[in-house]
Number of protein chains: 2
Amino acid sequence: MGSTKDNTRSDKHNRILKAAVRVFARYGYFNSKVAQIAREANVADGTIYLYFKNKEDILLSLFEDRMDGIIGDLRGSIGDETDPFRRLTKFISLHFDLIRKDPDLVSVITVELRQSAKFMKEYRNDKFREYLDIVEDIVNDGKSTGVVRQDVSPLVVKRGLFGMINELMLSQVLSRRRNAQELSQLAKQVIEISIRGIAIDPEQAIENGCKEV
Amino acid sequence: MGSTKDNTRSDKHNRILKAAVRVFARYGYFNSKVAQIAREANVADGTIYLYFKNKEDILLSLFEDRMDGIIGDLRGSIGDETDPFRRLTKFISLHFDLIRKDPDLVSVITVELRQSAKFMKEYRNDKFREYLDIVEDIVNDGKSTGVVRQDVSPLVVKRGLFGMINELMLSQVLSRRRNAQELSQLAKQVIEISIRGIAIDPEQAIENGCKEV
């Protein structure tokens, strides 16, 4: 009985977050009303406030929850790989796959989230750091095995690569025309530039990093 | 007489924009009031509305005006250079100099501007395109003189490099500790990664691109 209640609670929580992604992506964060999210989630307006304090809390919870998913997917995808460049390739590819799989989520992350001053100035911390650390680890491993240049700063790469990917994702969700082929070309460009940018032996790195991906 | 009037008009216009940069950087775009900008500019509240429709119009005019300045500085700085990698080096360096010279402006561009939905979804166009085209021209020139890889997409480089620089500028204005040395190290990292990322002969490109800069 308790377990059923928990499931119902977790189910409603998820339904509200799913609805919020759609509503934020469609109307924009500022124009969205909590009542619209309730309607989209098929719950009563008051129900939302059992789970979330306000609209900004929905946005921040959404970020936490979806980042958990993205971090899990990234770790799952690169987990078996030992070559740092193949890991980087998979890290980058997964982002461009996400544009195709869940454009609403990408739109919320790249456009709407930045419209929360709280997120930009105070919040953008634990999950974001955990996400960035995946790249830091890749770069550090590559330095310790001697395939990434010693003078490369993992801090600059993790933040710079995020900026690069984020901006290209943003330009994709804001443009109406886009197709799977274009997205995979984009991913390929970012992969080549990043690998060549940090590798000691770029040609070898590209050969290792890009095979069968 | 007409010229004096024009000067007064242009002077007030500039004072308001200057004040707006300080106010937006200090209180954030959303929390800022037009009355605060008027006080900071030492003009009457009503005067602002002779020049601007509303707070968002101030923000967008500010962007136009400052982008003109930045584009002018970039063109001035790289104008004499023929080597594409030296031009890229100067393009990147100027951004990191700006963090030191005008952190309030960098804060408005990287944080506050993104909080205008209008800017993000509709507006970000002419000036931004003009700015990005500087990088596109550098990459195209490098391809035509055979020093940049033929398969590099100028579109990806201009947008990706902007994303990279923008994210690193953002992380700098949000962090309290920063010094000139750290900024020049950051610039150096971005320069090396970008040049190596696109060059046919990375070692030669770094030697040409970074000498005496």
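Colleague: How many residues of chain B are in contact with chain A?
Modeller: This is a predicted model, so read every contact as computed. Contact here means C-beta atoms within 7 Å. On the chain A side, 29 residues take part. On the chain B side, the number is 29.

Colleague: Which helix gives the largest share of the side of chain B that touches chain A?
Modeller: Three helices of chain B each supply at least two residues: H7 (117-123), H9 (154-174) and H10 (180-198). The largest share is 11 residues. Those residues come from H9(B).

Colleague: How does that side of chain B divide by class?
Modeller: Charged residues number 5. Polar residues number 10. The nonpolar ones number 14.

Colleague: What elements make up chain A, helices or strands?
Modeller: Chain A has 0 strands. From the N terminus on, its elements run α-α-α-α-α-α-α-α-α-α-α. The count of helices is 11.

Colleague: Are H5(A) and H9(A) roughly parallel or roughly antiparallel?
Modeller: Helix H5 (residues 84-101) and helix H9 (residues 154-174) of chain A pack with their axes 10 Å apart. Their angle is about 20 degrees. Angles under 35 degrees count as roughly parallel. H5(A) and H9(A) are therefore roughly parallel.

Colleague: Is the crossing of H5(A) and H9(A) left-handed or right-handed?
Modeller: The angle between these two helices is about 20 degrees. The crossing of H5(A) and H9(A) is right-handed.

Colleague: Which residues of H9(A) meet H5(A)?
Modeller: H5(A) brings Ile92(A), His95(A) and Ile99(A). The residues of this contact divide into 5 nonpolar, 2 polar and no charged. From H9(A) come Ile165(A), Met169(A), Gln172(A) and Val173(A).

Colleague: Which residues touch the most other members of the largest nonpolar core?
Modeller: Nonpolar side chains tend to be buried together in soluble globular proteins. The largest nonpolar core here has 112 residues. Those touching the most other members are Ala20(A), Val190(A), Ala20(B), Ile37(B) and Val190(B).

Colleague: What does Ile37(B) touch, not counting residues up to four places away in sequence?
Modeller: Ile37(B) is one of the core residues that touch the most other members. Its partners include Ser32(B).

Colleague: What percentage of chain A is buried?
Modeller: A residue is buried if 20 or more other C-beta atoms lie within 10 Å of its own. Chain A has 213 residues. Its C-alpha atoms fill a box of roughly 60 × 40 × 35 Å along the principal axes. The buried part is 39%.

Methods: Residues numbered from 1 in each chain as written. Chains lettered and ligands numbered in written order. Predicted model: local features only at pLDDT ≥ 70, side-chain atom pairs only at ≥ 80, totals over all residues. Contact = placed C-beta atoms within 7 Å. Helix = DSSP H or I, 4+ residues; strand = E, 2+ residues; numbered from the N terminus. Nonpolar A, V, L, I, M, F, W, Y, C, P; charged D, E, K, R; others polar. Axes fitted to C-alpha atoms, helices over the stretch in contact; angles between N-to-C directions. Parallel < 35°, antiparallel > 145°, perpendicular 65-115°, else oblique. Left-handed = near helix turned anticlockwise from the far one by under 90°. Core = buried A, V, L, I, M, F, W, Y, C linked by C-beta atoms within 7 Å. Buried ≥ 20, exposed ≤ 12 C-beta atoms within 10 Å, placed from the backbone.
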